[in-house]
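User: I would like to learn how to read a few features of a structure. Could we start with aromatic rings and then go on to the surface?

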Amino acid sequence: MTYIYIIFLGYLVGSLPTAYILLKKFTQKDITSLGSKNVGAMNTFEVTNSKLLGLSVFFIDFLKGLIIVLLTKFFISNNFILISISLISAVFGHCFSIWIKFKGGRGLSTAAGGMIIIAPAIFFLWVIIWLITYLYKKNIHFSNISTSFLVLLLSFSSVDILSKYSFPSINQKNYYSYFISAIMLVIIAAHAEPLKNYLKLIKNQCRRTNVQS
């Protein structure tokens, strides 16, 4: 019963469509039909050209992950698995919100808010790899997807090191890997459309190269 309660609570907190609510209130715009249609901080900034709104969305979405982890940790159970499930549910709720026909953001802000408490090594590792990949390609979606995939792999290959920096601590290291990979897979799934477009772009570039040769 505790697991069901935590999943429900996590999803409920995560599903709050921050960008949708703020844009409706302050600009009367529906972000789900504008720009990339992503309900997140980046699209908020691109649609409104307002740094304040963009940062506000990022901060509140970050707090969603932070709050659900703290609620679980201090009021339900200080158990790594239960806290992990609450964060996974929150990220899933953020990406696929029931309030806006299962649309949502990419999950990065909400995941970061929780990760910085329970898996800070993963948080900083993700940021470092993202910066490197972004400097290489100068493409945000490429960086988001490739970084999440690489961190997923590292959560298994380097679990002995990374799991030492989990709060609370966990003895069953495979659960640590499962948790990180689940978060990364949700983030990658939320990038399905940009990933599809990116692969199509690469395919077209290959075709043009073959024709020219």
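**Aromatic pairs**

Analyst: This is a predicted model. A search of the whole structure gives nine aromatic pairs.

User: How are the rings of Phe80 and Phe179 arranged, and what is the distance between their centres?

Analyst: A pair of aromatic rings is described by two values, the distance of the centres and the angle of the planes. For Phe80 and Phe179 the centres are 5.5 Å apart and the planes stand at 90°, so this pair is edge-to-face. The pair links distant parts of the chain, since Phe80 belongs to helix H5 and Phe179 to helix H10 (residues 173-190), 99 residues apart.

User: Are Phe80 and Phe179 buried or exposed?

Analyst: Both Phe80 and Phe179 are buried.

User: Which residues form an aromatic cluster?

Analyst: Tyr11, Phe92 and Phe96 form one such cluster.

User: Which residues does Ser89 touch, leaving out those up to four places away in sequence?

Analyst: With those left out, Ser89 touches Ile7, Gly10 and Tyr11. Ser89 sits in helix H5 (residues 80-95). Buried means under 20% relative accessible area, so Ser89, at 9%, counts as buried. A polar atom of the Ser89 side chain lies 2.8 Å from the backbone oxygen of Ile85.

User: Which residues form the nonpolar patch on the surface?

Analyst: The patch consists of Tyr5, Ile67, Leu70, Leu71, Phe74, Phe75 and Ile76, with about 690 Å² of accessible area together. Helix H4 (residues 51-75) supplies the largest share, five residues. Tyr5 is found in helix H1 (residues 2-14), and is partly exposed at a relative accessible area of 46%.

How values were computed
Residues are numbered from 1 along each chain as its sequence is written. This is a predicted model: local features need pLDDT of at least 70, side-chain atom pairs count only at pLDDT 80 or more; totals for chains, interfaces and linings use all residues. Side-chain values use heavy atoms; hydrogens and water are left out. Patches are made of residues with over 30% relative accessible area and no salt bridge: like charges are joined within 9 Å, nonpolar side chains (Val, Leu, Ile, Met, Phe, Trp, Tyr) within 5 Å. Accessible areas come from the Shrake-Rupley method with a 1.4 Å probe; for residues, only the protein chains shown count as cover. A salt bridge is a side-chain nitrogen of Lys or Arg within 4 Å of a carboxyl oxygen of Asp or Glu. Helices (H or I, at least four residues) and strands (E, at least two) are DSSP runs, numbered from the N terminus. Buried means under 20% relative accessible area, exposed over 50%, partly exposed in between (1.4 Å probe, protein chains only). A polar contact is a pair of N or O atoms within 3.5 Å; within protein, one must be able to donate a hydrogen and the other to accept it, and residues adjacent in sequence count only if both atoms are side-chain atoms. Contact means heavy atoms within 4.5 Å. Rings of Phe, Tyr and Trp (its six-membered ring) pair if their centres lie within 6.5 Å; planes under 30 degrees apart count as stacked, over 60 as edge-to-face and the rest as tilted.
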